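Dear colleague,

I am handing over to you the structure shown below. My notes on what was found in it follow directly after.

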Amino acid sequence: MKLLRLFGAGFSMSLRRSVAFRVNLLFDVILAFTGLGTTIAAVLIVFTRTDTVGGWSKAEFLVLIGTYELITGLRSAFIDPNLSWFPDNGIRNGKLDSYLLQPAPSLFLASLSLSSPLALIGCALGASVLGWGISAAAEKPSLYGVLSWLLLMGAGLVVTWALSVLLACLAFWAPKLQLDVFYHSAWQLGRYPTDVFARPIRFALTYVFPLALIAAVPSAALLNGAGLAQLTGWLLIALVAAGLAQLAWRAGLRRYTGATS
Amino acid sequence: MRALTLLTFRIRQQVLEWSGAWWFLLTLVVQAVIAPLIGLFIWSAVYPDDPTIARYYVAIILVTLMTESFEQHTFSNRVYDGTLSHELLRPQPVVLGVLGENLAIRGWLTLLGAPIVLVTAFALGTTFAWRSVLLAIPGIALAAVLIFLFTFLLSLTAFWTDRVHSVVGFGSQLGFLLGGTAAPIALLPDGWARVAEVLPFYGMHGLPAEIASGSRYDGSLGYQLGWVVVLVVAVSVVWRAGVRRYTAVGS
């Protein structure tokens with residue numbers, strides 16, 4: 001409960017900070033529109049030449065893009081402002097020291113205390129595309145499909161947070177290792193169904209760097225339903241990822257000697 | 001001649017500076033190749049038996065690596081932190097420093113990304129005709145000039161706004177969609193293809209890749225040169241206006 005209140009207070013302060021700069025707000029809105037427009041246009045171009053790609057129809061692709069934008073918007077709003085460029089901001093500049101001195105869990109402060117509310121524009125746009133995809137789909141999602149989608153979205157968010165924390169934790173051992181560009185580039189692969197990729201990449205995106213869980217798995221579950229075993233499996237993966245993130249953070253802190261000490 | 005000597009010094013200096021950041025350069029290579037790779041997989045799924053798709057996208061990956069530009073980071077950050085003042089005080093054009101760093105990074109990206117291009121080409125069984133590759137060299141050189149000028153032009157907006165990354169991001173989106181990375185221009189719907197062939201983005205990626213992959217032989221260098229002239233004029237005008245507006249501590 002205390003953490004939720006802290007989270008709410010942080011979000012409120014960030015929101016007030018963001019809306020103070022109206023031109024920046026305008027830029028962010030325009031870029032969110034053009035970014036999504038580019039993605040959709042690229043997909044629509046493909047579907048002028050074919051009816052399905054990797055077994056996915058146009059409507060299913062739109063659902064996938066909508067889901068991807070939703071989770072990307074949440075990541076950009078709540079995770080990136082904290083963990084982006086962590087080796088620089090957290091370790092080398094000593095920001096982590098101030099978190100360690102505060103009376104709240106350091107992992108929470110380092111990974112979720114700041115937010116960027118304007119990035120939620122992406123969520124709103126993603127929800128619109130999701131609605132477009134659902135309305136264009138031949139079969140409408142069942143209640144079970146919607147519940148599965150919600151569960152898998154939650155699991156996807158946990159995995160997203162855990163991956164970000166794990167990458168940030170690498171900075172405890174290799175402070176010069178900056179993987180943000182790599183992570184954000186690889187993230188783009190989540191926008192497409194894993195079925196279109198070659199087998200080794202498909203395997204990596206499912207089991208090594210589970211970006212399939214970000215959008216492809218929830219989208220498939222929304223439209224076609226998901227088996228109970230599949231749901232349980234993905235929820236377990238999310239739990240394991242969150243556990244690994246906590247363990248890595250603790251191990252990192254044990255090694256950390258402080259930028260200012 | 002003096003400018004060329006200064007540029008050579010800058011390139012050598014920047015090559016050495018960036019040599020310490022090879023790991024970060026590798027992440028930039030991944031960033032550069034990911035969009036063409038996605039295009040390759042998507043279009044290969046649509047046309048699984050067409051070898052020209054693989055050849056085209058391998059060429060696009062190479063062209064992208066050789067022509068990437070990061071002036072929104074290298075130049076615009078100097079405007080934001082005020083260190084552009086140091087460059088303005090030197091008895092040489094500021095653009096030489098920007099260009100030197102650009103060429104050094106491109107050299108590193110090409111070197112580090114070459115194995116990815118070779119592995120992709122080998123895995124897909126793609127081969128290139130030497131004649132086509134040689135014919136593509138002037139097109140690739142002009143594409144590199146076009147992308148530098150375009151990115152530099154957009155980066156100059158740092159004199160007016162702190163959202164230069166959004167501005168350059170918007171330019172990159174246009175390039176991705178209309179430059180031949182999202183889809184080869186020939187596969188765009190008719191109206192789009194005609195518009196894309198007139199805009200500069202096609203000359204930045206798609207055109208040299210088409211020549212290298214052997215699907216087009218007339219270099220259309222005039223089209224690329226025309227856009228180079230337009231962008232040089234635009235950069236000169238915006239640069240002058242930007243420097244007049246620039247203020248920094250000590251200036």
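For chain B, the UniProt record, an unreviewed entry, places the feature "transmembrane region" at residues 21-47, 53-70, 108-130, 136-160, 167-187 and 225-243. Please bear in mind that the model is predicted, and that the annotation comes from the record and may be inferred rather than shown by experiment. Two of these spans can be set against the model. Residues 108-130 of chain B are 74% helix and 0% strand, with 24 Å between the end C-alpha atoms. Residues 136-160 of chain B are 80% helix and 0% strand, and there the end C-alpha atoms are 38 Å apart.

Helix H3 of chain B covers residues 51-67. Its 17 residues reach 25 Å from the first C-alpha to the last, close to the 24 Å expected at 1.5 Å a residue. H3(B) is mostly covered, as 15 of its 17 residues are buried.

As for the overall form of chain B, its radius of gyration is 19 Å, which agrees with the value near 18 Å that a compact globule of 251 residues would have. Along the principal axes, the C-alpha atoms of chain B fill a box of roughly 65 × 40 × 35 Å. Of the 251 residues in chain B, 42% are buried. When contacts in chain B with a separation of 6 or more are considered, 82% are accounted for by residues 24 or more positions apart.

I turn now to chain A. This chain has twelve helices and two strands, and the order of its elements from the N terminus is α-α-β-β-α-α-α-α-α-α-α-α-α-α. The radius of gyration of chain A is 19 Å, close to the 18 Å given by the globule rule for 261 residues, and chain A is therefore as compact as a globular protein of that length. The C-alpha atoms of chain A occupy a box of roughly 60 × 45 × 35 Å along the principal axes. Buried residues account for 41% of the 261 residues of chain A. Of the contacts in chain A between residues at least 6 apart in sequence, 85% join residues at least 24 apart.

For chain A, UniProt (unreviewed entry) places the feature "transmembrane region" at residues 26-47, 107-134, 146-174, 201-224 and 231-249. In the model, residues 26-47 of chain A are 95% helix and 0% strand, and their end C-alpha atoms are 32 Å apart. Residues 231-249 of chain A are 100% helix and 0% strand, with the end C-alpha atoms 27 Å apart.

Is helix H11 of chain A mostly covered or mostly open? This helix, residues 216-224, is mostly covered, since eight of its nine residues are buried. The buried residues are A:Ala216, A:Val217, A:Pro218, A:Ser219, A:Ala220, A:Ala221, A:Leu222 and A:Leu223. They pack against three helices of chain A, namely H3 (58-83), H8 (143-173) and H12 (228-255). Just after H11(A), A:Gly225 takes a positive phi of about 80°.

Helix H8 of chain A also holds A:Val158. The C-alpha atoms of A:Val158 and A:Ile237 are separated by 9.6 Å, although the two residues are 79 residues apart along the chain.

Finally, the contact between the two chains takes 25 residues from chain A and 24 residues from chain B. On the side of chain A that touches chain B, helix H2 (22-46) and helix H9 (180-187) each supply at least two residues. H2(A) gives the most to this side, with ten residues. By type, the residues of this side of chain A divide into 14 nonpolar, ten polar and one charged.

With kind regards

Definitions and conventions: Residues are numbered from 1 along each chain as its sequence is written. Chains are lettered from A and ligands numbered from 1 in the order in which they are written. This is a predicted model: local features need pLDDT of at least 70, side-chain atom pairs count only at pLDDT 80 or more; totals for chains, interfaces and linings use all residues. A residue is buried if 20 or more other C-beta atoms lie within 10 Å of its own, exposed if 12 or fewer, and partly exposed in between; C-beta atoms are placed from the backbone. Helices (H or I, at least four residues) and strands (E, at least two) are DSSP runs, numbered from the N terminus. Two residues are in contact if their C-beta atoms, placed from the backbone, lie within 7 Å. The radius of gyration is taken over C-alpha atoms; the globule rule is 2.2 Å times the number of residues to the power 0.38. Ala, Val, Leu, Ile, Met, Phe, Trp, Tyr, Cys and Pro count as nonpolar, Asp, Glu, Lys and Arg as charged, and the others, Gly among them, as polar. The expected span of a helix is 1.5 Å times one less than its number of residues.
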